Structures are given as structure tokens and as C-alpha cells.
Amino acid sequence: MRSEKVGISILSVSAVVLFLACVFMSKPAGAEVSVKDRDYMMATYPSNNASDAIYIADTRNGLFAVFVWDNTTRSLQPIAVRPLSDAFGGKR
């Protein structure tokens with residue numbers, strides 16, 4: 001009877017530890033792709049120097065922009081704004 005109580009106690013303690021690990025484990029924030037009412041599409045991607053790049057396509061106006069989050073200055077830097085047709089080989 002005593003060995004059963006020890007086994008149940010060990011399983012209970014391990015279940016509590018696993019539950020707390022799941023609750024308090026930090027989850028990284030990230031967005032892969034987002035579409036808003038078919039007017040804007042956004043995607044993030046890791047860039048050079050441990051920074052992140054965000055690509056924004058404005059399908060209504062036919063433009064796309066690239067911004068990079070600079071970790072050293074903690075600011076968003078614009079890289080390029082171009083017509084959307086440039087991303088797919090221009091005019092046909």
C-alpha cells in the first residue's frame with residue numbers, strides 16, 4: 001500500500017512540474033503572413049545581423065515596401081518602396 005502512495009505522489013509531482021513548465025515557458029512572438037481585407041499583405045522574415053524584415057504589399061495601389069527592424073538603434077528603417085510588378089518581373 002505504501003509503494004502505491006509513493007508512485008502516485010511521484011506521478012502527481014511530475015504532472016504539476018510539466019503543467020507549470022507549459023504555462024510559464026516563454027513563447028516567441030512572430031507573424032509569418034497576414035492578410036487584411038485583400039488590400040494589405042504582410043510577411044516577416046529574419047534578416048542579416050539578427051534583425052527582422054517586414055514586407056508589406058499594398059494590392060490596392062500596386063506597391064510593396066520593405067522595412068528592417070534595427071536591433072542596435074531599436075528603430076524601423078525603410079529599405080525600399082517599389083511597384084508590385086517589380087517583384088514579379090515587371091511588365092509582360
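Guide: We begin with a definition: two residues are in contact when heavy atoms lie within 4.5 Å. Please note also that the model is predicted.

Visitor: With which residues is Tyr55 in contact, leaving aside its neighbours within four places in sequence?

Guide: Tyr55 touches Met41, Met42, Ala43, Tyr45, Ala65 and Val66 by that criterion. Tyr55 itself belongs to strand β3. Its C-alpha atom is separated by 6.6 Å from that of Phe67, a residue 12 places away along the chain.

Visitor: Why is Tyr55 called partly exposed?

Guide: The term covers relative accessible areas between the buried limit of under 20% and the exposed limit of over 50%. Tyr55 has a relative accessibility of 38%, so it counts as partly exposed.

Visitor: What makes Ala87 partly exposed?

Guide: Its relative accessible area is 45%, and therefore Ala87 is partly exposed. Ala87 is placed in the segment after β5. Between the C-alpha atoms of Ala87 and Phe64, which are 23 residues apart along the chain, the separation is 8.5 Å.

Visitor: Why is Arg74 called exposed?

Guide: Exposed means over 50%. Arg74 has a relative accessible area of 62%, so the word exposed applies. Arg74 sits in the loop between β4 and β5 (75-83).

Visitor: What is the phi of Arg74?

Guide: Phi of Arg74 is near 55°, a positive value in a residue other than glycine. Most residues other than glycine have a negative phi.

Visitor: How do you know that helix α1 lies largely in the open?

Guide: A residue is buried when its relative accessible area is under 20%. Among the 23 residues of α1 the number buried is 0, so this helix lies largely in the open. Helix α1 (residues 2-24) reaches 33 Å from its first C-alpha to its last, close to the 33 Å expected at 1.5 Å a residue.

Visitor: What pattern does the protein chain follow along the sequence?

Guide: The pattern is α-β-β-β-β-β, with 1 helix and 5 strands. Of the 92 residues in the chain, 9% count as buried. The chain exposes about 8,100 Å², and carbon and sulfur atoms supply 63% of that area.

Visitor: Which kinds of residue form the lining of the largest pocket: nonpolar, polar or charged?

Guide: The lining divides into 12 nonpolar residues, no polar and no charged. Nearest the centre of this pocket lie Tyr55, Ile56, Ala57, Phe64 and Leu84. The elements that give two or more residues to the lining are β2 (40-46), β3 (52-58) and β4 (63-70). The largest pocket holds about 150 Å³ of space.

How values were computed. Residues numbered from 1 in each chain as written. Predicted model: local features only at pLDDT ≥ 70, side-chain atom pairs only at ≥ 80, totals over all residues. Heavy atoms only, no water. Helix = DSSP H or I, 4+ residues; strand = E, 2+ residues; numbered from the N terminus. Expected span 1.5 Å × (residues − 1). Buried < 20%, exposed > 50% of the residue type's maximum accessible area, 1.4 Å probe, protein only. 1 Å grid on protein atoms, 1.4 Å probe; cavity = no way out; pocket = protein on both sides within 12 Å on 5 of 7 lines; lining within 4 Å. Points joined across faces, edges and corners; volume = space filled by probe spheres on them. Nonpolar A, V, L, I, M, F, W, Y, C, P; charged D, E, K, R; others polar. Areas by Shrake-Rupley, 256 points an atom, 1.4 Å probe, with all protein chains shown as cover.
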